[in-house]
Every structure is written in C-alpha cells, then in structure tokens.
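Here is a short report to read alongside the model. Keep the sequence and the 3D view open as you go.

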Amino acid sequence: MRPVLIGFTKNCAITLQSAAPRQNVLQVIAILLLLFCLVFAAFMAWKMIFYIAWQFGAQVQDSFPLVYETSMFLKMAAAHPKLPFFAHGIAGTVAMVSGAIQFLAILCGVKSRWHAVLGKIYAVSAIIASTTAIPLAWSLHHDMLLTSIAYTAGAIGWCLSTLIAVHTIMSGDLERHIAWIIRSYSYLAMVVTARLLLASGALAGSGEWNFEMIKLQYAVTIVATFFINWGLGEWIVATVRERRRKTLARSVSSLPVARPMPDAAYAIQTSSRSRQPYPTIAGRTRVLGIGA
C-alpha cells in the first residue's frame with residue numbers, strides 16, 4: 001500500500017498505526033468491526049430494496065430471502081411514516097458505508113483521494129438519518145417511553161457530533177474534528193450494537209421475537225446500547241488523543257537542536273517568516289500542533 005500523503009488521512013494513520021503488539025491487535029479488531037458494519041449496511045440496504053419493491057406492489061413470499069420474519073418486518077415498517085422511514089433507511093445505510101470506508105482507509109494507511117467527497121456524503125446522510133430517526137422513534141415505540149428516549153438521545157448525539165465535526169474541519173481544527181467524527185460514528189453504530197445485543201439475548205433466552213413479550217428487555221437493551229456506544233466513543237477519542245500526543249512528542253524530541261544565531265540573522269528570519277502564510281486545510285488557516 002502506498003503511504004498516506006494527504007492531510008487528515010496522514011495524521012490519523014500515523015496515530016493509529018503502531019508496531020506494538022497490543023496496538024496491532026486493537027487495530028485488527030477495529031478493522032474487523034468496520035467490515036462487519038459494511039456487511040450489516042449491505043443487509044439493511046437489501047431490506048430497504050425489499051420494502052420499496054413491496055410498496056410498489058411486488059408480490060413477496062412469507063419468508064422473503066434474508067429478511068427475518070417478513071410479515072413482522074412489514075407490520076413494523078407500515079407503522080412508520082413513509083417519508084421519514086425511506087429517508088432514514090437510505091441515508092443511514094449511505095452514512096454507515098461511507099464512514100466505514102473512511103476509517104478503514106485510515107487504519108490501513110491507504111491514500112484516500114475521495115476523503116473530502118466521502119466526508120461530505122457522510123455528513124449530509126448522517127444529518128438526514130439522525131433527524132428522521134426522532135419521529136420514527138416515537139411512532140413505532142409510542143408505548144415504550146424508555147426506548148423512545150434512548151433512541152432520541154442517540155439521534156441527537158449523532159446529529160450534534162456530526163455538525164460539530166463539520167464545523168471543526170471547516171475552521172481548520174483537525175484535532176477536534178478527529179474526536180467528533182469518532183463520536184459521530186459511534187452513535188451511528190448504535191444500530192449495530194443493539195442488533196447484536198438483541199440477537200444474543202434471543203439466543204440465550206426466549207426464542208421468539210415478540211415486542212409484547214420482551215418489551216422491558218428491549219427497552220433495557222436500547223438504553224444499554226446508548227451508554228455502551230457513548231462510552232466506547234469516548235474511550236477511542238481518549239486513546240487516539242494520547243497516541244497523537246506521544247507521536248508528536250517523539251517527533252519533536254527527534255528534531256536536531258538548532259544552533260543559536262546572531263541577533264541580526266534572527267531578526268531577518270523572523271521578519272521573513274511573518275509574511276509567510278500557514279498551510280491550509282480546505283482553504284482555511286490550519287492551527288499547527290495539538291488543538292484544544
């Protein structure tokens with residue numbers, strides 16, 4: 001693979017790649033989880049295609065391929081407002097795919113020529129999916145207050161963290177952008193964590209999937225999902241920030257010690273530097289070093 005050459009991808013790859021065995025294991029786990037997100041997104045895209053075909057009058061069998069409990073899914077989908085349901089499903093799938101590709105490229109050290117384009121696609125689709133998730137949370141789970149609150153909190157966190165991530169990269173604050181885009185994707189991954197927890201609960205306990213029978217279990221699972229993903233996102237942010245700090249400290253310590261120069265030469269060099277612009281990201285001045 002070619003080395004990372006451009007701004008954001010280069011900085012993240014330097015941070016997340018390490019020769020230490022423990023860090024390599026964490027990197028492999030992160031890559032596997034992102035690949036699982038891509039598989040999950042493909043599954044959700046297939047369900048959306050199935051639902052769209054059914055909306056346009058296509059005949060479906062009782063057990064449609066790769067759609068668990070077809071009649072139950074159609075009943076759930078019919079309870080949603082159509083426009084928010086379509087917008088949330090399609091935009092959420094696009095956001096999950098584009099975000100996973102971005103992080104995979106960073107973790108594998110691959111040069112991403114489409115980073116800015118995919119970033120814009122992710123931001124737009126994430127905002128659409130998160131805002132439409134709020135009315136959907138209250139339309140399907142109107143009799144499950146705790147579940148609706150947990151879904152709404154996750155959607156608000158996803159939307160706000162995405163907006164802050166966009167604002168920080170537009171203002172050239174790379175350090176905070178990295179932190180907030182990680183938080184954004186961790187909220188998005190709530191849908192994956194919830195499915196894993198619900199599937200494990202169904203395998204360990206009751207075999208039937210029935211909202212009336214396991215209403216409390218479902219609500220507790222969604223609340224736990226919110227706190228798990230929030231905590232995981234904060235842990236990843238803290239880990240990345242610490243590794244970036246250590247990487248910067250090592251790079252600074254390896255620099256040769258500058259020899260003192262005469263006052264006249266220093267005055268000339270300082271005068272010339274003051275007229276040189278700083279490097280930019282997206283046409284804006286970049287603050288060098290670690291941001292606040």
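## A nonpolar surface patch

This is a predicted model. Helix 4 (82–108) and helix 5 (115–140) each supply at least two residues of a nonpolar patch.

Take Val 94 as an example. Val 94 sits in helix 4. Its relative accessibility is 35%, so Val 94 counts as partly exposed.

## Aromatic pairs

The whole structure holds 7 aromatic pairs. One of them joins Tyr 51 and Phe 86. Their ring centres are 5.5 Å apart, with 45° between the planes, and the pair is tilted. Tyr 51 belongs to helix 2 (residues 21–55) and Phe 86 to helix 4, so this pair ties together parts that are 35 residues apart in sequence. Tyr 51 and Phe 86 are both buried.

Phe 226 and Phe 227 also pair. Their planes meet at 80° and their centres are 5.3 Å apart, so the pair is edge-to-face. Phe 226 has a relative accessible area of 16%, so Phe 226 is buried.

Ring pairs also build a cluster from Tyr 51, Phe 85 and Phe 86.

## A charge over a ring

Look next at Trp 180. Arg 183 lies over the face of this ring, 4.4 Å from its centre.

## An exposed leucine

Is Leu 216 buried or exposed? Its relative accessible area is 63%, so Leu 216 is exposed. Leu 216 is part of helix 9 (residues 215–253). From C-alpha to C-alpha, Leu 216 and Thr 147 are 9.0 Å apart in space, while 69 residues separate them in sequence.

Definitions and conventions:
Residues numbered from 1 in each chain as written. Predicted model: local features only at pLDDT ≥ 70, side-chain atom pairs only at ≥ 80, totals over all residues. Heavy atoms only, no water. Helix = DSSP H or I, 4+ residues; strand = E, 2+ residues; numbered from the N terminus. Buried < 20%, exposed > 50% of the residue type's maximum accessible area, 1.4 Å probe, protein only. Phe/Tyr/Trp six-rings, centres within 6.5 Å; stacked < 30°, edge-to-face > 60°. Lys NZ or Arg CZ within 6 Å of the ring centre and 35° of its normal.
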